[in-house]
Amino acid sequence: MELTPRLRPGFRFQWEPVQNAHVLLYPEGMVKLNDSASAILSEIDGKRTVADIVRRLEQRFPDAGALDNDVCEFLEDARQQHWIMMV
């Protein structure tokens, strides 16, 4: 079965004009995200599987080559940071 990432309850991904960057907001604070993290988190909707997310990112960024390892590494880091859960 393919896993589907979701933001944890209380976390919100959004553009923050003051930071001029995407951020992840949560009750205890905020994380300013780099472009790669923003691209990956922008694809998380609670319905797309990891494979769907990789496929969509490879379509958006064709010059980047295969992205499955990078995406999986980021998602695992995000899971360990308790930003997301995998269902």
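This is a short walk through a few spots in the structure, starting with one residue and its partners.

Before we set off, keep in mind that this is a predicted model, where local features need pLDDT of at least 70, side-chain atom pairs count only at pLDDT 80 or more, and totals for chains, interfaces and linings use all residues. Residues are numbered from 1 along each chain as its sequence is written, and side-chain values use heavy atoms, with hydrogens and water left out.

Let's begin at Glu-43. You'll find Glu-43 in the loop between helix H1 (35–42) and helix H2 (50–60). Helices and strands here are DSSP runs, numbered from the N terminus: a helix is H or I with at least four residues, and a strand is E with at least two. Is Glu-43 buried or exposed? Its relative accessible area is 3%, so Glu-43 is buried. For that label, buried means under 20% relative accessible area, exposed means over 50%, and partly exposed is in between (1.4 Å probe, protein chains only).

Which residues does Glu-43 touch, leaving aside its neighbours within four places in sequence? The contacts are Arg-48, Ile-53, Arg-56, Leu-57 and Arg-60, where contact means heavy atoms within 4.5 Å.

Now for the charges. Side chains of opposite charge can pair when their charged atoms come close. A salt bridge is a side-chain nitrogen of Lys or Arg within 4 Å of a carboxyl oxygen of Asp or Glu, and the count by this rule comes to six. Glu-43 forms a salt bridge with Arg-48, with the closest N and O atoms 3.4 Å apart. Glu-43 also meets the side chain of Arg-56 in a salt bridge, at 2.4 Å from N to O. Arg-56 lies in helix H2 and Glu-43 in the loop between H1 and H2, so this pair ties together parts that are 13 residues apart in sequence. Arg-56 itself is partly exposed, at 35% relative accessible area.

Then there's Arg-60, which forms a salt bridge with Glu-43, the closest N and O atoms being 2.7 Å apart. Here the pair links distant parts of the chain, with Arg-60 in helix H2 and Glu-43 in the loop between H1 and H2, 17 residues apart. Arg-60 has a relative accessible area of 41%, so Arg-60 counts as partly exposed. Put together, salt bridges that share partners join Glu-43, Asp-45, Arg-48, Arg-56 and Arg-60 into one network.

Next stop, strand S2. Gln-14 is found in this strand and is partly exposed, with 21% relative accessibility. Setting aside its neighbours within four places in sequence, Gln-14 is in contact with Ala-21, His-22, Val-23 and Leu-25. Gln-14 and Ser-38 are 24 residues apart in sequence, and their C-alpha atoms are 9.1 Å apart in space.

Finally, let's look at the backbone. Most residues other than glycine have a negative phi. Asn-20, though, has a positive phi near 55° and isn't a glycine. Asn-20 sits in the loop between strand S2 (12–16) and strand S3 (21–26), and is exposed, with a relative accessible area of 59%. His-82 isn't a glycine either, and has a positive phi of about 70°. Where is His-82? Look in the loop between H3 and strand S5 (84–86).
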